[in-house]
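Open your viewer and get ready to click along with this short tour. Each stop tells you what to select and what you will find there.

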Amino acid sequence: MADQLESLVLRTLQETGDIADSGIFAKEIGVNDHNELVGVLKSLEAHAMIDLEEIPNQSYNLTDEGKKYVDEGAMPEAQVFRLVANGPVSLADLKKSLGAVGDIGFKQAMQQKWVAIDKSSGQPMVVAKTDAIEDSVLALLKRIHEDPHSQIDPSHVQSISKRKLVILKKWITFSVKKGPKFALERKKQVTDLTGDMVQKGTWKDEEFKEYNFDALGLLPEGGYLHPLLKVRTQFRKIFTSMGFEEMPTNNYVESSFWNFDALFQPQQHPARDAHDTFFLTRPSHASLEKIPQDYLQRVKDTHENGGYGSIGYGYSWSFEEAQKNLLRTHTTAVSSRMLYKLAQDGFKPAKYFSIDRVFRNESIDRTHLAEFHQVEGVVCGYGLNLGNLIGVLKEFFERLGLGSKLRFKPAFNPYTEPSMEIFSYSEELGKWMEVGNSGMFRPEMLRPMGIPEGVNVIAWGLSLERPTMILYGIGNIRDLFGHKVSLQTVKNNAICRMGM
């Protein structure tokens, strides 16, 4: 249809030289929707094939109420006057005779001073104040009804517009003339310069579309927060509200010394085997020169011979083994660095936390991945004991919304003693679930660092993925984290209500 209209417009301009009014032209060619023609005209104008000049148009249209009075042949005020012209009428009888029109007409007739209220007889009566009237408003409505485009004094229209008897309608039409690039057929403009055009030289005969540098591009769709990011934010808020300071966790690659040895984890421990840990091949070893030699020696002696109430592991500690680079298996490697720094800077009680990614060489299934996020909390202070740990854990999990039902089970960790597994009862799943691990760092780990006697450190950790899966009802961890995650799931996931 648009192509046919375009061809018709161009042929008409070729034959007549111009189109005086696009609105009239649309009716002549049988186009009911003028906007359809305007779209074609604007497109031709953009290609400089025609020139357009706006023609403002307006018309007055009667409302349903206005049409009603024209059909009745009298305005309400005229009907009121005719009723009282034969003699006084009470206001009640007037409204009873004319209904709603009587109320409207009485007010208008009073404004026109056609009628008045006479109270001389004791009862208010509506009486005529003039012998004859001219129903000019009706004459105006009839004129508009017969010719909506007629020229009418704006002051006259204003009064009937206030009475909502007419509606003013405005629109634009166009006068059309030939443009500088007028032709009977539009030549399609080329948008891309191709290699074939350059090679054959055909670009010389092409007309290229100009770039519109003022055109607005597509608005980018807003980003969405992954469920893990939402839950991590809530964890951060809980830790900070409890007075914890976040530890820097930007080192994914860690030396075996800080990941294992500084934690009093023996070099023959199964967790340090390649079946459980990702070791780097390049660079395969880290330099430990920045670590004071006396600290390295204390760690070596504690592993070999014990101390601080321990008999040690009784093996020959290898410096080369401690240098091996790996992808950190837990964020406790960060905690060991922070505790050593705390001791060297002059110990003072502190509370730390971290939330970041760790890596383990595990078989991937619905509940395990080779990389995941660990949440860890550490409290350092004088005289801390197992009761303090349980109390902090109850407060922490209470803020998570999991603290109403907690259980603790004795466990073993190489670097904590005593150690406890943490269980919470899930109302949604109807069973007890392990939600974390905890314990008190061993003196064999703390004293070589320089942590003073009498200072104990309590700590706990849990994964970020498990509470997120419970909260969002996700049964397979691969649907939460990794390349199989649905972008639609990320886009539509609900707000995190944990800790609220």
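**Stop one: a pocket**

Select helix 2 (22-28), strand 2 (50-62) and strand 6 (166-178): each supplies at least two residues of the lining of the second largest pocket. Helices (H or I, at least four residues) and strands (E, at least two) are DSSP runs, numbered from the N terminus. A pocket here is an open set of points on a 1 Å grid over the protein atoms alone, where a 1.4 Å probe fits, with protein on both sides within 12 Å along at least five of seven lines; lining residues have an atom within 4 Å of a point.

This is a predicted model, in which local features need pLDDT of at least 70 and side-chain atom pairs count only at pLDDT 80 or more, while totals for chains, interfaces and linings use all residues. Residues are numbered from 1 along each chain as its sequence is written, and side-chain values use heavy atoms, without hydrogens and water.

The second largest pocket holds about 370 Å³ of space. Now show Gly23, Lys27, His34, Trp171 and Thr173, the closest to its centre of the 15 lining residues. Helix 2 gives the most to this lining, with four residues.

**Stop two: strand 13**

Select Ala411 to find its bridge partner, Ser419 in strand 13.

Finish at Tyr425, which stands opposite Trp432 in strand 14.

Methods: Grid points are joined across faces, edges and corners, and a volume is the space filled by probe spheres set on the points. Two strands pair if DSSP finds at least two bridges between them.
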